[in-house]
Amino acid sequence: MVLTLSNDSQSITVDADGKYNTFPTTVTQATVMYGSTDISVDCEYEITKSTGITGNWNKSNRIYTVTGLSENSGWVEIKATYINTLTVSKRFTVQKNTIGKDGYRST
């Protein structure tokens, strides 16, 4: 059994103060395969997120949408359970990418 995410990580460009004007579209969709069979709709899901991440889980299409990030980085862990026995999980990470005051990316 394998859990894949449509997006494993995403950077959010912020200004030198760590702020963004509008939070960009930041999503990932979970797909669970058992061999060559897609069992995504047959799984139960549990979502855990780190401090500083806000967002929501759409159970019907298995998409997690991040709507805000107050820390420099964060993650959302998606755990899928099949027939109350098999479990697999994967993390979607989100991090801020700071632009310096002079327009150059800071290190």
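In the hairpin formed by S3 and S4, where two residues lie between the strands, Gly-35 takes a positive phi near 65°. This is a predicted model, in which local features need pLDDT of at least 70 and side-chain atom pairs count only at pLDDT 80 or more, while totals for chains, interfaces and linings use all residues. Residues are numbered from 1 along each chain as its sequence is written, and side-chain values use heavy atoms, with hydrogens and water left out.

**Strand pairing**

- Strands are DSSP runs of E with at least two residues, numbered from the N terminus, and two strands pair if DSSP finds at least two bridges between them.
- S3 (26-34) and S4 (residues 37-38) pair in the antiparallel sense over two bridges, and Met-33 has Asp-38 in S4 as its bridge partner.
- S1 and S3 run antiparallel and are joined by four bridges, with Val-32 in S3 as the bridge partner of Leu-3.
- Four bridges also join S3 to S7, which run antiparallel, and Thr-26 stands opposite Val-66 in S7.

**The largest nonpolar core**

- A nonpolar core is a set of buried Ala, Val, Leu, Ile, Met, Phe, Trp, Tyr and Cys residues joined through side-chain atoms within 4.5 Å; buried means under 20% relative accessible area, exposed means over 50%, and partly exposed lies in between (1.4 Å probe, protein chains only).
- The largest such core has 21 residues, of which Val-32, Cys-43, Tyr-45, Ile-53, Val-66, Ile-78 and Val-94 touch the most other members.
- Strands that each supply at least two residues of this core include S1 (2-5), S2 (9-14), S7 (63-69) and S9 (86-98), whereas S8 gives the most, with four residues.
- Leaving aside neighbours within four places in sequence, Val-94 is in contact (heavy atoms within 4.5 Å) with residues including Ile-12, Thr-26, Ile-53 and Val-66.

**Loop residues**

- Most residues other than glycine have a negative phi.
- Arg-62, in the loop between S6 (53-58) and S7, has a positive phi near 60°, and Arg-62 counts as buried because its relative accessibility is 12%.
- Ile-83, in the loop between S8 and S9, has a positive phi near 45°, but Ile-83 counts as exposed because its relative accessibility is 57%.
- Asp-8, in the loop between S1 and S2, is partly exposed because its relative accessible area is 39%.
- Asp-8 touches Lys-90, Arg-91, Phe-92 and Thr-93, not counting residues up to four places away in sequence, and the C-alpha atoms of Asp-8 and Val-94, 86 residues apart along the chain, are separated by 8.8 Å.
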